[in-house]
Amino acid sequence: MPVALKSNLCCAGVETHCGSKLLAGYRPPYDATCVERLVAAGAVIVGMTHMDEFGMGSSSENSAYGVPRNPWDDARTPGGSSGGSAVAVAAGLVPLALGSDTGGSVRQPASLCGVYGLKPTYGRVSRYGLVAFASSLDVVSPFARSARDLELVLGVISGADERDSTCQPLPPIEPERPAEPRRLTGLRVGVARPYVEAAAPGVRAACDAALARLAQLGAELVPVDLPHTEYAIPTYYVVATAEASSNLARYDGVAYGRRVTGDGTLQGMFAATRDAGFGAEVKRRILLGTYVLSAGYHDAWYGRAQRVRTLVREDFERAFAEVDLVAGPTSPTVAFRLGERAADPIAMYRSDACTVPTSLAGLPALSLPAGFAAAEDGRELPVGLQLVAPALQDARLMRVARALEDVLDAPARRAPAFGGAR
Amino acid sequence: MDESPLETLRRTAALARLRLDDAEAQGLSRDVAAILAHFQALAALDVAGVVPTLGGTPLEDVKRADEPRPCMRRDALLANAPDPRDAFLGVPKTLETDA
Amino acid sequence: MSGLVREGLEWVSQATGTRWVAVIGLEVHAQLSTRTKLFCGCAYEFGAEPNTRVCPVCTGQPGSLPVLNAEALELAVRAALALGCEVAPRSKFDRKNYFYCDLPKNYQITQYDRPYCSGGGIDLDSGRRVRLERIHVEEDAGKAIHDRGDATLVDFNRAGVPLIESVTHADLCCPEDAGAYLAALREILVYVGASSADMEKGELRCDVNVSVHPAGEPWRTKVEVKNLNSFSNVEASIEYEIARQVAAWESSDPADHPVQETRLWDAGANRTRTMRKKEGEADYRYFPEPDLPPVSVTPALLEATRALLPELPAARRARYQRELGLSAYDAGVLTAARDVADFFEAAARLSGAPKDACNWITNEVLRALSGDEVAATSVDELPMKPHDLSELIALVRGGTLSASAARQVVRAMMQSGKAAGELVVELGLEQVQDDGELERWCREALAGREAIAAQVREGHEKALGALMGPVMQASKGKANPQKVREILLRLIQEG
């Protein structure tokens, strides 16, 4: 089985540059746990895919190595940061690819490219060998063209790993095999009001249609509020950049990476190496993260964000007291044009409105191809429906996605070969 | 703190070992200010009595036995090094003994 | 910087007459005696080839993750209990962020606001108590070598080695306090097996905080001194800082007054000097280490650890004096190392003769261990065991062996590990008890020594010693001195 890997998953001896100039030529001395397990299960690693530098972006444009294009329309982004892996699966180059999802970096590109993407429960897949962006949020996450393939790959890569202290000591994820796989009778699905409200009308319509199919299968739809959703983006960006500022401190030109000597002093070499090696968005986030941890600002920003994170988590705990799943759009919009949000970081951060809350809560969430919506130029582009489950209920997501797969048209549609070209 | 936003940015950049030219610093200073202004909603929220979430995992007490594992070959370390010097990693001469 | 006269715990300025007192605190890093590093399975070894005790984790390779060494936490808890600290039921790890070439990740995993223990302390012989503020677990950095060629060279072997950092309150008043505290701390850490605490191997490292103020006035600016790699450096640097700071405070120009700074001890020049000033103040941006879940020390683990703690040296010393009647000096010598004290106690118990056991150990065993005559370098390595020594003591007490013969037997036991009785036969050292033979040697000794016999007869019994010598010589040390004495006296009286 050919598998593509996001370029932040360590593959011994294979260049793993994380989309960064700084890590050009870096060949890890070891395999990530997920890579080791894939290879042991017979997979063939066919290559490393394009990404936003160190996972920081929602369009895969923040890279030192060019820009990937959406197979449905090559003027548009495939999303990010795992854009390359999404494209590889959507374009039919590989049946499976791994990415990493920190705030939506697999779910959003899956949505924009019309494929399946699952962010497992935090800690369900070992992070050992996943180059860290934000350690308390990062999850190794697969793309596939069917829910069944997701079950297959998760059965291989998930499960206990003594090399990752945050990895759950549990066996690999087993698929649910219900007696009536095509029925969802009794399943209570909470429709996330804030996600729906954030979505463009076409996206909303496509999601509504998919949700109506869920209801036809027997699921009961109820609205859920998730009242702290509006705080999730600032909370996420404070926590993620704080961790990133520390995680990326190691890129200093001492033991690996491309060194720039600078003024000849040690600290000057650090600064020159990082100046030359990091792109604008990475610098922006390192600065933001350094700032929110620095003396005098720590409590107001980082300390507060840790508390709001609790509130966001509790939103879901309350919701899951009533429902079995939460559902809503994965991305507020369909694929946007390349360059459209590149100059506006805040607009780019808003792309993550529906995905960061589940990341903060560590919950499993799946994006499935729900339908299509017309972009402003009339092009029909994929829309993803996001399903969120309680912690460790990853299999439930895939079971519901499987049931929907049979009744939706979107999963069967393939991106046109070279077809996105204008 | 009587620091201008640009001064704050420069101090923060120094902490993060990012060397920025003036244009870059000014642009980033504007960006960060705009982002933080956008994030002000956080400041308005009442978080009194809320327990902070310290990390991503609910686990506790994860430990390993004190058993040696094979080390990595030195060549494997030095293969990625920008300036390998015999058995060592070379860096610009420094007299500091601490950061 | 002359003109300062020490009077007890005060330093009197000859120029101004001001009586200065010193306030001193210590931060001590001790390496825990684990087999592997704190967060990876690399086995660290002092003096290993550079960059050979490393792996992806301790060299900070992208994507690698730390996993806590359970033994490190247990040793740390053992040290905490031995120092009378309060162990926290829950603690966590944090990242301390700063950039330096010996720090592979440019952050150090340490414990910031929730260390695993707090409180505790050590009572010094001076009667002063040094209270501990806290102890925390952290990883060591690598080593940067600055004195070779035109580049600084980095070796990551030491990176990730487990340390405990103990921080005292500023309870110390003079250089000797610091020396005494370090010696006591070292002794305890070694005793409970938490650390070998060898300063020459960097297993024990000390930073000092010193300030001075006129007696009765508030405390003043403190100065940190680093780079102290021996007890004597620690004391010398404090001595130097007290003099330097007093002179600085007494300067008429306020610009000369001490500032809050970090200084380095220059052992060659016997002085401290300002470390290169940092850009801005240190801002370590601590935050909880997201790669490590919190850890707890359960009451069960605490009790199990407490049960395994040996009796500490100070308590042992007191008991040896109180219950076994040993001198303070002997008690100190015996308890300086745990294996020696254990050996002594076993031998004393088996023989029922603690003073004899003490004498043999302090006079013969320890001397042999410090010299070349035995291969062993510690009591544990000796082939001679406590029951061997106890058997020897019994042979001497029973009159089978003379003291000089017994010394030969002990030396042989330390080399061969054979039983005392066996060696006595092998070396032909049984004391001669046969009265006939003893009397023959005595008569030979008396022949031609009439003057001495006369002195003895007149009551100068000490003169008998001059007759004992020839007898012992004739018997090759095997004559029982008590019996020889009796026979000589009888022969002299018989005239």
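**Notes on the chain interfaces**

1. Let's begin where chains C and B meet: 45 residues of chain C are in contact with 37 residues of chain B. Please keep in mind while you look that this is a predicted model.

2. Which elements of chain C each supply at least two residues to the side that touches chain B? They are strand 4 (68-69), helix 1 (70-82), strand 13 (151-155) and strand 20 (295-296) of chain C. Strand 13 of chain C provides the largest share of that side, 5 residues. Sorted by class, the side of chain C that touches chain B holds 23 nonpolar, 12 polar and 10 charged residues.

3. Strand 3 (residues 88-92) of chain B is joined to strand 13 of chain C by 4 bridges, and the two run antiparallel. To find the spot, look for Gly90(B), which stands opposite Leu153(C) in strand 13 of chain C.

4. Now turn to chains B and A. Here 45 residues from chain B and 57 residues from chain A take part in the contact. On the side of chain B that touches chain A, two or more residues come from each of helix 1 (5-15), helix 2 (22-38), helix 3 (41-44), helix 4 (74-78) and strand 3 of chain B. Helix 2 of chain B gives the most to this side, with 6 residues.

5. One element to follow across both contacts is strand 3 of chain B: it is among the elements on the side that touches chain A, and its bridges join it to strand 13 of chain C.

Definitions and conventions
Residues numbered from 1 in each chain as written. Chains lettered and ligands numbered in written order. Predicted model: local features only at pLDDT ≥ 70, side-chain atom pairs only at ≥ 80, totals over all residues. Contact = placed C-beta atoms within 7 Å. Nonpolar A, V, L, I, M, F, W, Y, C, P; charged D, E, K, R; others polar. Pairing = 2+ DSSP bridges.
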